[in-house]
Amino acid sequence: MNEEQRLHSSQVGEKKNKDAKDYSLYFESVYVPPSLKEAKKRGKEEINYHKDFEIDPKFLNMGDTRKFFIRTFGCQMNEHDTEVMAGIFLQLGYTPTEDVKEANVILLNTCAIRENAENKVFGELGHYKNIKRDNPDVLIGVCGCMSQEESVVNKILKTYNQVDMIFGTHNIHRLPEILNEAYLSKEMVIEVWSKEGDVIENLPKVRHGKIKAWVNIMYGCDKFCTYCIVPYTRGKERSRRPEDIIQEIRHLAAQGYKEVTLLGQNVNAYGKDFTDLSYRLGDLMNDLRQIDIPRIRFTTSHPRDFDDHLIEVLAKRGNLVEHIHLPVQSGSTSMLKLMARKYSREQYLELVHKIRKALPDAALTTDIIVGFPNETDEQFEETMSLYEEVGFELAYTYIYSPREGTPAARMEDNIPMEVKKERLQRLNNLVNELSAKAMDAYEGQIVEVLVEGESKKNKDVLAGYTRTSKLVNFTGPKEIIGKIARVKITNTKTWSLGGEFIEVLAGQEVGVT
Ligand code: SAH
Ligand code: SF4
Ligand code: F3S
């Protein structure tokens, strides 16, 4: 941690237990609230790689008689952070529980992307008031993206005194110290660094499942789309070193994992921050292609940095699957400009054209925001027409939500809610229509399905995903769970396919891993 980062360490209030303070060499004594303004300042600070993460031995028995519960909101990045925190809890001796009422520590890993995401968290926190009343010894913590917002921290301080600790996205590796402090302190413990330039390796993880795994390839985002809070809550772009990623994925392959999703807010910027080597996402994918693991995906792509070399590598297929999630946000060049997306409608279409040329059967999916400030009916129609022209197979669609501290939040939010809702409805109708059409095209085809387990709705049916991320439900023997099967598609719905099991893919036979 450098001097500037230390300044953003924080702890609130004077502790009532003065002795406790002496134990706590890990905390600064001055309370500095998290600041989106500070978070925005990006320099060319060097990125430090800490490859030697280790839990202080004095904390190792902290959880021996205690249970933890983590509730996760938001994107895959948060899901994966939860896996890391669960790993730390286990190393501290804690036991996981699915029942919030029997937990000794409850964490809410939060998302700040839209107002309704935040409201869900505040609603959940409200419920925990009773839990704290019934069991005052339980520790309640708030972490994730909302903790990085000064207004949220202030609101929690004012209104949610059932909370014992707040820590930020840059601080999860400090969970042992934060828990220790919370046990000793009577005050709310707050540790949120506004800036963090480091990459911490060798963090423990408890992965959710044994078939698919997430692997971070980079952290943060420097794109600063005008509506988006992520560059403030997740900090500047920092890429993990290729050798660390490759080693992690080799290890997952050796453990029998069948699919890896590479994670980053803007994976196409991977490697831009390396000062000593010229190695980008295309190079990484080319190296990962040679690892003996059946499927590799990545999310999320920003169209701006999607280069020709990457397309060339993806066209080699093998374990690189034919699904590209490529958020467009709007089909109108002037809207894209207001959003600071740094590409035009035409440039986006050109990129789609290049991808289709190299990978004609690639499934393209996207994210779209409707009702951004000043969006006219005509501009919205451009989004509709772009959607049809590209022929997206699926989209996550959102009504624009102003986020405090972002440039768009200073623009007048001048589109009436009914208009936004109408636009969303029309767009969703088109999304459904094209999804159903994409599904219909699978009728009669034989697809490869990574079988994940029994269908949630029917225990006699197996469920899994195609290389293009389509959900397939089919009947087949339970022994093929965790394998890749060839399935003949016999019926299609808007959001899923139905089929018949043919055989397990060569090399994936039952008993062979
Ligand atoms: N890094 C990813 C996006 C992460 S957020 C990318 O750039 O593709 C996921 C999606 O949430 C975004 O693509 C966008 O469509 C939506 N989103 C982000 N901020 C939003 C806001 N303020 N209001 C509404 N939707 C938003
Ligand atoms: Fe947000 Fe844009 Fe970064 Fe995606 S690329 S996380 S939308 S700022
Ligand atoms: Fe939400 Fe943070 Fe992810 S704001 S979408 S949890 S990066």
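Guide: A salt bridge here is a side-chain nitrogen of Lys or Arg within 4 Å of a carboxyl oxygen of Asp or Glu. The model is predicted: local features need pLDDT of at least 70, side-chain atom pairs count only at pLDDT 80 or more, and totals for chains, interfaces and linings use all residues. Residues are numbered from 1 along each chain as its sequence is written, chains are lettered from A and ligands numbered from 1 in the order in which they are written, and side-chain values use heavy atoms, with hydrogens and water left out.

Start with R297 and E259. Their closest N and O atoms are 2.8 Å apart, and the two form a salt bridge. This pair links distant parts of the chain. R297 lies in strand β13 (residues 295-299), and E259 lies in strand β12 (residues 259-263). The two residues are 38 residues apart. Strands are DSSP runs of E, at least two residues long, numbered from the N terminus. Both R297 and E259 are buried. Buried means under 20% relative accessible area, exposed means over 50%, and partly exposed is in between (1.4 Å probe, protein chains only).

Next, take K420 and D413. Their side chains meet in a salt bridge at 2.8 Å, N to O. K420 has a relative accessible area of 2%, so K420 is buried. D413 is partly exposed, because its relative accessible area is 35%.

Now R317 and E322. Here the closest N and O atoms of the salt bridge are 3.4 Å apart. R317 has a relative accessible area of 25%, so R317 is partly exposed.

Some charged side chains join in a network. Salt bridges link K51, R241, E243, D244 and D276 in this way. How many salt bridges does a search of the whole structure find? The search finds 36.

Cysteines are a separate matter. A disulfide is a covalent bond between the sulfur atoms of two cysteines. The cut-off used here is a pair of cysteine sulfur atoms within 2.5 Å. A search of the whole structure finds zero disulfides. C145 counts as buried because its relative accessibility is 9%. C221 also counts as buried, at 9% relative accessibility.

Terms used:
Helices (H or I, at least four residues) and strands (E, at least two) are DSSP runs, numbered from the N terminus.
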